[in-house]
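Subject: Structure handover

Hello,

Here is the structure we talked about. Please load it and read the notes below alongside it.

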Amino acid sequence: MKLSVKAPAKINLSLDVLNKREDGYHEVKMVMTQVDLADRVELQSQEGTKITVEMSSGLVPTDNRNLAYQAAALLQKRFTVNQGVSIYIKKNIPVAAGLAGGSSDAAAVLKGLNILWDLHLSKEELADLGAEIGSDVSFCVYGGTALATGRGEIIQPLSSPPPCWVILAKPPIGVSTADVYRRLSIDQSKPNCSDIMKRAIEEHDYKKICDMLSNDLEDVTLKMHPEVKQIKKRMEKSGVDAALMSGSGPTVFGLIQKEARVHRVYNALRGFCDQVYAVRLISQPNT
Ligand code: ATP
């Protein structure tokens, strides 16, 4: 049996870092939403219990360091599955970009193998398993738009934001999330933007969403990589409604509601940055 699952990228509309926990993780509060730039994850049963991963791009290891491999191995071990799977990933999401590409691939494997291996696990159970692989995997299991707390694994689904275009621009650098967190100094007196962002989404208030875009990691990455700052400036100048860096970066996204402006912004960035995408928010969680 063969199955194909879409693995969409995410952006952070807000990201508050609250404190550093004793277990070494950071306590965060963030609003995340998915966009229609997606990897395609194909799963095919194979003889024996072997798990193999193949990817369309050679940038990521395909052994047990691959998050898709880890998702399959976790299910196989936890539920003593006597079946193997071959995983093929058509990679469309830039790697180490702040778009959770690897986490989304892992979530797609969890969801796909739940069907292929007849495991009958609920979304909550899959999200809990996802948290064992990485903090963003639980969100990717739910999909759509959500408030994420804890180290990012406690998910409260939210309604969809008003429809809009999203321009993504990624400079040719990879950013290590761990490195960014290491350099961050946490300001606990800072107002918590994610609660306001959550309210703006519930109120379907596009202007407030634009006004409240905020990411505590942005300053750290912008200082390390001035080219990210230039991309953000260029995006703002070219006519987006609002712009922000996603996750630990380096991808910068811009929101635009007027379709007529999308081409202008896209073209302004194309001459400046090699990876640029014009996509839309996903209004419903993928199943
Ligand atoms: P994070 O914010 O979680 O670090 P990201 O969105 O910035 O993630 P990813 O594309 O998920 O970046 O890649 C982060 C790291 O995960 C890379 O170093 C990559 O080698 C590793 N990785 C493991 N499996 C995958 C996968 N299936 N796709 C992409 N990266 C993967």
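A word on terms first: a helix axis here is a line fitted to C-alpha atoms over the stretch in contact, and angles between axes run from 0 to 180 degrees between N-to-C directions. Keep in mind that this is a predicted model.

**Helix packing: H1 and H2**

Start with helix H1 (residues 67–78) and H2. Their axes come within 7 Å and cross at roughly 30°. Angles under 35 degrees count as roughly parallel, so H1 is roughly parallel to H2. The crossing is right-handed.

On the H1 side, the contact residues are Leu-67, Ala-68, Ala-71, Ala-72 and Leu-75. They meet Gly-102, Ser-103, Asp-105, Ala-106, Val-109, Leu-110 and Leu-113 in H2. By class, that contact has nine nonpolar residues, two polar and one charged.

**Helix packing: H2 and H3**

Helix H2 (residues 101–116) also meets helix H3 (residues 123–133). Here the axes come within 10 Å, and the crossing is at roughly 140°. That makes H2 oblique to H3. This crossing, too, is right-handed.

H2 contributes Ala-106, Leu-110, Lys-111 and Asn-114. H3 contributes Leu-126, Gly-130 and Ile-133. The contact divides into four nonpolar, two polar and one charged residues. Note Ala-106 and Leu-110: both are listed in the contact with H1 and in the contact with H3.

**Domains**

How many residues are in contact across the two domains? The count is 30 residues of domain 1 with 37 residues of domain 2.

Interface size is often given as the accessible area lost when the parts come together. For this pair, the domains bury about 2,500 Å² between them. Of that area, 60% is on carbon and sulfur atoms. In domain 1, Leu-13, Leu-15 and Val-17 lose the most area to domain 2. Together they make up 22% of what that side buries.

**Backbone points to check**

Two loops deserve a look.

- The peptide bond from Gly-249 to Pro-250 is cis, with omega near 5°. Pro-250 sits in the loop between strand S9 (242–245) and strand S10 (252–256).
- Thr-80 is not a glycine, yet its phi is positive, near 40°. Thr-80 lies in the loop between H1 and strand S4 (84–90).

Best regards

Definitions and conventions. Residues are numbered from 1 along each chain as its sequence is written. This is a predicted model: local features need pLDDT of at least 70, side-chain atom pairs count only at pLDDT 80 or more; totals for chains, interfaces and linings use all residues. Side-chain values use heavy atoms; hydrogens and water are left out. Helices (H or I, at least four residues) and strands (E, at least two) are DSSP runs, numbered from the N terminus. Angles under 35 degrees count as roughly parallel, over 145 as roughly antiparallel, 65 to 115 as roughly perpendicular and the rest as oblique. A crossing is left-handed if the near helix is turned anticlockwise from the far one by less than a right angle, and right-handed if clockwise. Contact means heavy atoms within 4.5 Å. Ala, Val, Leu, Ile, Met, Phe, Trp, Tyr, Cys and Pro count as nonpolar, Asp, Glu, Lys and Arg as charged, and the others, Gly among them, as polar. Buried area is the accessible area (1.4 Å probe) that two parts lose on being put together, summed over both.
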